[in-house]
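Hi everyone, thanks for coming. Let me put the model up on the screen, and then we can walk through it together.

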Amino acid sequence: MSFLLVGALAGCSQKKLGDTSAVTSAVISNEPSQSDQSTKHAGQAESIIHESADILYYDNGYPYIHDVLTNNTDNTITETEYCMLAYDQNGAPLKLYWNFLDNNAECSYDYVVRTDNVNLLPCQTEHYNGGWSLYDGEKMTDVPQVGNGEANQVAYSLFCLKEVVFENGSVWSNPDYDTFFQTYAGKQIDIDTLQNYYPYTYDLKMSAEQNKF
């Protein structure tokens with residue numbers, strides 16, 4: 001939710017590459033959807049759910065990854081940091097030029113993104129236009145060529161939250177992030193695992209230290 005974000009500049013949130021090479025911030029609305037049926041009930045532990053991360057296409061044919069989060073907590077999410085990985089149709093890991101607008105960027109199996117304009121309300125599922133744009137040399141004739149078509153091989157993408165900041169100032173750091181990275185980054189992954197990874201639930205068990213900056 002093909003794999004490379006257009007303008008993955010430090011401090012930026014998810015972006016999209018539209019009909020031109022301009023980068024546009026993702027738009028988040030907080031209207032309930034069918035996915036909201038998975039939101040928190042009274043007495044249920046707080047959590048965040050990665051509902052999906054799909055490879056989609058803009059009207060001009062440019063590929064992008066569109067991921068969806070549900071905020072199953074009592075606080076608004078204002079900031080996230082997450083890791084993205086990519087795999088081909090056989091489950092082989094792919095090295096990509098995630099930030100392909102940066103001439104100095106190098107290809108890698110993983111890419112960590114920090115967002116700072118999130119406004120995901122309690123017990124809501126996000127809905128936004130666009131996502132993390134992927135390089136496509138066949139269509140992006142106005143963008144400097146990078147790689148050898150690796151992004152066009154992307155069939156699956158795995159996302160993992162590393163940190164979440166809430167409006168009340170509390171911060172959740174994912175205690176399972178290192179395990180995720182060691183298990184999936186740069187590794188051949190079984191197709192069934194990739195196809196059934198989502199929805200992925202993060203159980204939030206905040207320590208006193210995590211509740212402070």
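I'll call something a salt bridge when a side-chain nitrogen of Lys or Arg is within 4 Å of a carboxyl oxygen of Asp or Glu. By that rule, there are four salt bridges here. Please keep in mind that this is a predicted model, where local features need pLDDT of at least 70 and side-chain atom pairs count only at pLDDT 80 or more, while totals for chains, interfaces and linings use all residues. Residues are numbered from 1 along each chain as its sequence is written, and side-chain values use heavy atoms, with hydrogens and water left out.

Now to the sheet. Strands are DSSP runs of E with at least two residues, numbered from the N terminus, and two of them pair if DSSP finds at least two bridges between them. We have an open, antiparallel sheet of four strands in the order 6-5-9-10. Strand 6 (110–115) and strand 10 (171–173) are the edges.

R114 meets E81 at 3.3 Å, N to O. R114 sits in strand 6 and E81 in strand 5, so this pair ties together parts 33 residues apart in sequence. R114 also meets E163 at 2.9 Å, N to O, and there the separation is 49 residues, with E163 in strand 9.

Finally, burial: buried means under 20% relative accessible area, exposed over 50%, and partly exposed in between, using a 1.4 Å probe and protein chains only. E81 is buried at 19%, whereas R114 is partly exposed at 24%.
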